[in-house]
Amino acid sequence: MTLTMMTTSTNRSRPSPQSRAFCTTIFTSLLVSICIASSHETEIDYSHPEFVEWEDGPASRDEFDHDNDPSVCGIPILTVEEWEAGRYWEGDMPVLVKNVTDGWAALNNWKKQEMVRRYPDAEATMGEARLVGETGPDDAGKNLSPTTVKEFITKHMYDPLKYFFDRKIAIPKGMLEDCHPFPMPTRAYLANPEAGSTYALSKKRKVRKTPDRELWRDHLAISIGSDLQGLTFHHHREAWNTVIFGSKRWILWDHARWKGNEKLQWKLTRDWANGTHVTSAEWIRRLYPEPERTEEIRIYGHDCIQRAGYLMFVPHRWMHMVVNIGDTVSVISEVGLGIGDGKKPEDFLFDPDESSDDSEDWSEDDSED
């Protein structure tokens, strides 16, 4: 109102300093109000309460799902009994194991609303899957932010830049027990943590000959993500991943093929022509169809779908990436992965970009993932 009156006034006398100050104040206030209103209007709500259970969320099945044709996937699909009798976790080839979650309390207790009700304050971290995959979750630093099960699921679940993945999560005891019986070999440690130990010369305590970093211990990492989420190409020690809800598409690449060949690594896993690191979904959409990449995975790798209740075994240092198909919840066990205490405030101050020499460290050092 004041601005309109000034603009249309026929009084050509010069406004007083007080009048100019008053008008400036009103104009500034209007601008601030407009900016605040605009920011509220453009703020995106990622809560989506209409997706009541995991199965209700979007799922890109038509684009990313397939039937595990042997010419595409080409890995054995085992029963739990075959997995244990053959001790496949000691081998160097990926396998899928079916019906692993039979009898798990997590099939009920980890339903979306039930998980929020039972374990709202379970602490973990969230971040952009592309960046977490590039550095690994332990070294992602400020690319991660703290969250809880309830906060992530109710506020951030459908943000494309937020993925719940934590190897150091301080999981409540009951939450771990929901996944019993653990698959082998993780279950063996739980049954007898001192297996393989012998008494020290003093006879006062037992000493384990095998260091903890070489053991399948009794801790599980948790992954929760919406459709198209998933870590980009990375590698680590032997691990298994069991899907409780949802599905995952895996691209796996033989360690023996790329070991020591940095040029080959980058040429397959990155958009090297444009010097960019793309998301897993974008890699499948845009880069994977290129004949050279497709042939490489057909000959030296695997392209497989893992469905709910299945375990995927990833051998030592096999390169792999994952894309969720629909809301997906899974647990992971990895050689050397021990019980987490949760991250500390200083863990989020580290800048992985500042410590980088602009080349990803894909060394063979087994002491860290």
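A residue is called buried when its relative accessible area is under 20%, exposed when that area is over 50%, and partly exposed in between, with a 1.4 Å probe and protein chains only. The structure described here is a predicted model, in which local features need pLDDT of at least 70, side-chain atom pairs count only at pLDDT 80 or more, and totals for chains, interfaces and linings use all residues. Residues are numbered from 1 along each chain as its sequence is written, and side-chain values use heavy atoms, with hydrogens and water left out.

N68 counts as buried because its relative accessibility is 17%. N68 lies in the loop between α3 and β1 (77–78), and its phi is near 55°, a positive value in a residue other than glycine. R317 also has a positive phi, of about 65°, although it is not a glycine. This residue is found in the loop between β11 (311–314) and β12. With a relative accessible area of 1%, R317 is buried. Most residues other than glycine have a negative phi, and most peptide bonds are trans.

Two cis peptide bonds are described next. The bond from H180 to P181 is cis, with omega near 0°, and the bond that joins M184 and P185 is cis with omega about 5°. P181 lies in the loop between α9 (173–177) and α10 (186–191), and P185 has its place in the loop between α9 and α10. P185 counts as buried because its relative accessibility is 9%. Contact here means heavy atoms within 4.5 Å. Leaving aside neighbours within four places in sequence, P185 is in contact with W83, W89, W216 and W240. The C-alpha atoms of P185 and E90 are separated by 9.5 Å, while the two residues are 95 residues apart along the chain.

For the protein as a whole, the secondary structure comes to 14 helices and 12 strands. Helices (H or I, at least four residues) and strands (E, at least two) are DSSP runs, numbered from the N terminus. Of the 369 residues, 46% count as buried. Among contacts between residues at least 6 apart in sequence, 81% join residues at least 24 apart.

A nonpolar core is a set of buried Ala, Val, Leu, Ile, Met, Phe, Trp, Tyr and Cys residues joined through side-chain atoms within 4.5 Å. The largest such core has 41 residues, and those with the most contacts inside it are W83, W110, M115, M175, C179, I224 and V331. Not counting residues up to four places away in sequence, I224 touches W54, M115, F152, M157, Y163, F164, T328 and V329. A second, separate core has 19 residues, including W253, L264, V323 and I325. In soluble globular proteins, nonpolar side chains tend to be buried together.

N241 counts as buried because its relative accessibility is 9%. Apart from its neighbours within four places in sequence, N241 is in contact with K248, W250, Q306, Y310, L311, M312, S330, V331 and I332. W253 is buried, with a relative accessible area of 0%. With neighbours within four places in sequence again left aside, the contacts of W253 include L264, Q265, L268, E296, I297 and W318. W253 and M321 are 68 residues apart in sequence and 9.2 Å apart in space, C-alpha to C-alpha.

The axes of helix α12 (residues 262–269) and helix α14 (residues 291–300) come within 10 Å and cross at roughly 110°. Axes are lines fitted to C-alpha atoms, for helices over the stretch in contact, and angles run from 0 to 180 degrees between N-to-C directions. The two helices α12 and α14 are therefore roughly perpendicular to each other, a term for angles of 65 to 115 degrees; angles under 35 degrees count as roughly parallel, over 145 as roughly antiparallel and the rest as oblique. The contact is made by L264, K267 and L268 of α12 and by E292, R293, E296 and I297 of α14.

In helix α13 (residues 280–287), the buried residues are S280, A281, W283, I284 and L287. Among the elements that cover these buried residues of α13 are α3 (61–64), β9, α12, α14 and β12 (319–334).
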